[in-house]
Amino acid sequence: MDHMTITKMPGMSGGMSPMMKDMMEHPMWMWFHTTLNDTVLFKFWTVKTVGVMVLSCFIVFVMGVSFELLKWFRWRLEVTQRQTSSHGTRTKYAVADIPPRNYRQKLLSLSHFAQSVLFGVQIVVSYFLMLIFMTFSVWLCIAVTAGAAVGYYLFGSRELPRQPHADRRMAAPQTSESPMSCCG
């Protein structure tokens, strides 16, 4: 006696629902593979030929580079904003970093809004890259990794800009006295 028979439901043709047919056409791989039958992010982005795979890998590579570019751009905006809004008090020995604005002013500032929008875009791109990697297509995984690596190579430097020569002298004064002159 066979207990595994499929009962027909309204709207089902031949015992298989449209969702089941779609799943049969576009498998969800659970292991790394090189098969060309993949759906990337959206139903319309289906990889069935080598040409579409190459184009998809290029798009994914650019997404990886743009992810690192977004991170660098957000960092650069923050550094620039801090340098332009720094109204710290300069003394003979150091610069006292006194924030010029309160929390509410910062929250309502244009630079904070721009940072928040860029952060949102960065999160969306990062989740897209994660979902692309989860297709388990070896070629798309290589494109994600290579794009992020090239992006980091190009934009990963987080060196702070050097201070102008005059500012360095103010921050760390140099004396003409010898080191032992205080004891003499």
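Helices are DSSP runs of at least four residues, numbered from the N terminus. In this predicted model, Gln115 is found in helix H4. Gln115 counts as buried because its relative accessibility is 16%, and the cut-off for burial is under 20%. Leaving aside residues up to four places away in sequence, Gln115 touches Arg74, Leu77 and Glu78. A polar atom of the Gln115 side chain lies 2.9 Å from the backbone oxygen of Arg74.

In soluble globular proteins, nonpolar side chains tend to be buried together. Val60 touches Trp45, Leu129, Ile132, Leu140, Ala143 and Val144, with residues up to four places away in sequence not counted.

The protein chain has a mean pLDDT of 75, and 61% of its residues reach 70 or more. Among the elements of the chain, H5 has the highest mean pLDDT, 94, whereas helix H6 (residues 165-171) has the lowest, 49. Over residues 1-8, pLDDT stays under 50. For residues 1-8 the model has 3 contacts beyond four places in sequence.

How values were computed
Residues are numbered from 1 along each chain as its sequence is written. This is a predicted model: local features need pLDDT of at least 70, side-chain atom pairs count only at pLDDT 80 or more; totals for chains, interfaces and linings use all residues. Side-chain values use heavy atoms; hydrogens and water are left out. Contact means heavy atoms within 4.5 Å. pLDDT is the predictor's confidence in each residue, from 0 to 100. Helices (H or I, at least four residues) and strands (E, at least two) are DSSP runs, numbered from the N terminus. Buried means under 20% relative accessible area, exposed over 50%, partly exposed in between (1.4 Å probe, protein chains only). A polar contact is a pair of N or O atoms within 3.5 Å; within protein, one must be able to donate a hydrogen and the other to accept it, and residues adjacent in sequence count only if both atoms are side-chain atoms.
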